Amino acid sequence: MNLSRSSSSDLILDVDHVWKVYCRNLKRAMWYGLKDVGREIVGGGRDRSHQNLRTGEFFAVRDASFQIRRGECLAMIGPNGAGKSTMLKMINGLIKPDSGSIQISGKIGALIELGTGFNPILSGRENIYINAAVLGMRKREVDSLMEKIVEFAELGHVINDPIKTYSSGMRVRLGFSIAANLRPELLLMDEVLAVGDVGFRMKCFKHLNELVKQGVSIVLVTHAVGMLQRVATRSVVFGQGKIVHDGDLETGCTIYEEMLGASDRIRAKKKEESGRAGEIGSVEVCNELMEPQAEFETGEMVRLRIQINAREKIKDARLVVALCSPVHGVLSSVSTPYQGIHFDVDLPGRVITLEIPKIPFLIGAYHFNISLFGPEKVDFYHRSSLRGVFRIVGPPTDGNGYGINGITKLQHSWKING
Amino acid sequence: MGTEFEKSKPNGEDEQPITVARRIPETSEDGNSEVAETLGHTSRAVITYSAQSSIRNPVQLIRDIAMDFWLGRELAWRLFLRNIRGLYRQTLLGLFWAFLPPIANTAIWIFLRQANVFSMGDTQVDGTVYILTGMILWQAFIDAFQMPLAMLNKNRNLISKLNFPRESLLLVGIGEVLFDLLIRLLLLIPAFLIFQVTVHASILYAPIAILGLVLLGAALGLLLMPIGSLYQDVGRFISMVLPFWMIITPIIYVPLTTFPGSLLNWVNPASPLLLLARDWLLLGTTSHFATGLIFGAAAIPILLIALVVYRISIPVLIERMTA
């Protein structure tokens, strides 16, 4: 894939089969670093075959490929250590890929850390010149933008005071304002949206949306997936260095939430022990017709089929089921006694079905935590977490104030008075 | 309303060396439209990052280095001003701190000489001026030698987070070394007056030798920077051997002319240019022209190689900073 020869001239970034190797062992990393410098100097290059890892090394990014077009806002999401920030660093040219290539056709602006290079002793105005120079601007350009930058940051009253007298929020505002007014063609942002007060954050989103409309492409790296839909239209999900999803944002966020759940699930499984008098057996999420199903729309019927296994008879059992989201925790918890259901579990067990006629939740991944008790508070048999994983895949939500958004669909109506 | 960028390249021929691509389009009065206008270009700078070593295309590499020195000049100037302003804004004595180390060092050696701890040999000018000049030159060489690693360590945060012309840091570093040197050289004016040193015309060529001394120091420091950045042992070792290095450099005594002592003038890279510069500053005649010229000439290829090493090693070093 060669951008300069490619007919699609609106391609701004082309990441092509990129691999990156890291080493966590400090002593080894230092030694490898020295060897790498030596190898580069004699022209050896670093295009190592994928299997050829040295002791202690691992792939931080494996075989990643994706493209970004003009005016696209892409979110890179994934758990910690999945390779997002490494990818961003390679796109920004800070570090080199170990295999594959990255082509960028346009001017890059990066907001990796706001206010890198601020000198606390100097005034805000002096620091604007320094920061802008680091980002590649000349004095003349800064002069013409100075008012705009100060105004956007809402710091007109303190701009001639030393930076060390600023609050952290003020520094962040100044940093974003400088970078936001640079107008690159590809803007890279790493976790910078999670800062500042709500009002300023909204202003930032608005500004980013305007940039996108003008044809600027944006790559966002963040954990705060809830905010993404304000700007991003597409997502690339990283899992253990690999791209596991490249497509629409909703699916991406759902997959990410599921991945967070999956890592919890593995941990939970290790803790589990066997040999109880009664335990939660198989758990299945089904549709109205009792057919197993994993994807639903908001408002559809969800049935949870729970198999309880018993080694001894359990008299007057209680079942507690909590519906959870990996991001938000327990959303709702119900129990059999609440609806006056009392049941015994005979050998070898029985099946209980929980019916949710209209699932009220919006797009996202969900699961159940199920606990089995006897009649008394202390009669605990078994708790099984992260069971019956399912997804709500539609209808779409809207973060721009034209539809509904959040976790749950609220029953509501509007009245216009007067 | 075209941008400056477009004006200079009216036919959309902005196919430039890759480093230019970092430049942000200039902004016009109607701030919002310039991106759209720039986007209208069909041919544009394309940056490619791959695993291949850039040394395979040495001509391009040298051109990129030169281009980044040029593009980094304004940033370097800003950072230089920042450091200088920041440096003295929170001090009571201000610029006086630039003078203090060579005065203190000279005072110590003058005291030791007067106590007959060592003999200097025939210095031809007053011993105080002789030592002071040597100290100032030595300090400049050592500052330059330690500058690359110090620059890298001081700006770790900046380097590992932002992509900017890395060469600008070297400009800042050299600028700071020369700034301190110039301030210290001012000390020679009262020293010349007090100790009645005759000023020779050769003082006019002294800056060439001094510049060579500083560049040679910086080049050697640059070559050590990758190892020094990975292994702190290097920094510790250097600070340990510096006093010995100073002793084997003829600063507080006249250079040895008899074998094997004279050998030191050839193996110690600090010696030849320092001796040449000092002779030109103080004596008017020199017997170190040939060695000085050789070392000065050698500084140029060494510096070029050092710049290549610097540029190539930075991405690898960033990796290890964060890994």
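Reader: What should I know before I start?

Author: Residues are numbered from 1 along each chain as its sequence is written, and chains are lettered from A and ligands numbered from 1 in the order in which they are written. The model is predicted, and local features need pLDDT of at least 70, side-chain atom pairs count only at pLDDT 80 or more, while totals for chains, interfaces and linings use all residues.

Reader: Happy to start with helices. Is helix α3 of chain A buried or exposed?

Author: First the terms. Helices are DSSP runs of H or I with at least four residues, strands are runs of E with at least two, and both are numbered from the N terminus. A residue is buried if 20 or more other C-beta atoms lie within 10 Å of its own, exposed if 12 or fewer, and partly exposed in between, with C-beta atoms placed from the backbone. Here, 10 of the 11 residues of α3(A), residues 124-134, are buried, so the helix is largely enclosed by the rest of the structure. Among the buried ones are Glu126(A), Asn127(A), Tyr129(A) and Val134(A).

Reader: How do I read a pair of packed helices, say α5 and α6 of chain B?

Author: Take the axes, which are lines fitted to C-alpha atoms, for helices over the stretch in contact; angles run from 0 to 180 degrees between N-to-C directions. Helix α5(B), residues 96-114, packs on α6(B), residues 127-154, at an angle of about 140°, their axes being 9 Å apart. Angles under 35 degrees count as roughly parallel, over 145 as roughly antiparallel, 65 to 115 as roughly perpendicular and the rest as oblique. The two helices are therefore oblique to each other.

Reader: And which residues of α5(B) and α6(B) meet?

Author: On the α5(B) side they include Pro101(B), Trp109(B) and Arg113(B), and on the α6(B) side they include Thr128(B), Leu132(B) and Met135(B). Ala, Val, Leu, Ile, Met, Phe, Trp, Tyr, Cys and Pro count as nonpolar, Asp, Glu, Lys and Arg as charged, and the others, Gly among them, as polar. By these classes the contact of α5(B) with α6(B) has 8 nonpolar, 5 polar and 1 charged residues.

Reader: How are α6(B) and α8(B) placed relative to each other?

Author: Their axes come within 9 Å and cross at roughly 160°, α8(B) being residues 167-185. These helices are therefore roughly antiparallel to each other. The contact includes Ala140(B), Ala144(B) and Met147(B) of α6(B), with Val172(B), Val177(B) and Leu181(B) of α8(B). It divides into 11 nonpolar, 2 polar and 3 charged residues.

Reader: Now sheets. What is the strand order in the open sheet of 6 strands?

Author: Two strands pair if DSSP finds at least two bridges between them. In chain A the order is β5-β6-β7-β3-β8-β9, with mixed pairing. Strands β5 (108-111) and β9 (242-248) stand at the edges with a single partner each, so one side of each is left without a neighbour in the sheet. The twist averages 15° from one strand to the next. Within the sheet, β6(A), residues 186-190, and β7(A), residues 217-221, pair in the parallel sense over 5 bridges, and Asp190(A) has Val221(A) as its bridge partner. Helix α2(A), residues 84-91, lies across β3, β6, β7 and β8 of chain A, at about 145° to β7(A).

Reader: In what order do the strands of the 3-strand sheet run?

Author: This open sheet of chain A has the order β10-β12-β16 and antiparallel pairing. Its edge strands are β10 (278-286) and β16 (349-356). Strands β10(A) and β12(A), residues 302-310, are joined by 7 bridges, with Glu279(A) opposite Asn309(A).

Reader: Where does β1 of chain B pair?

Author: Strand β1(B), residues 46-50, runs antiparallel to β4(A), residues 99-105, with 5 bridges between them. Gln103(A) stands opposite Thr48(B). The covered face of β1(B) holds Ile47(B) and Tyr49(B), while Val46(B), Thr48(B) and Ser50(B) are on the uncovered one.

How values were computed:
Contact = placed C-beta atoms within 7 Å.
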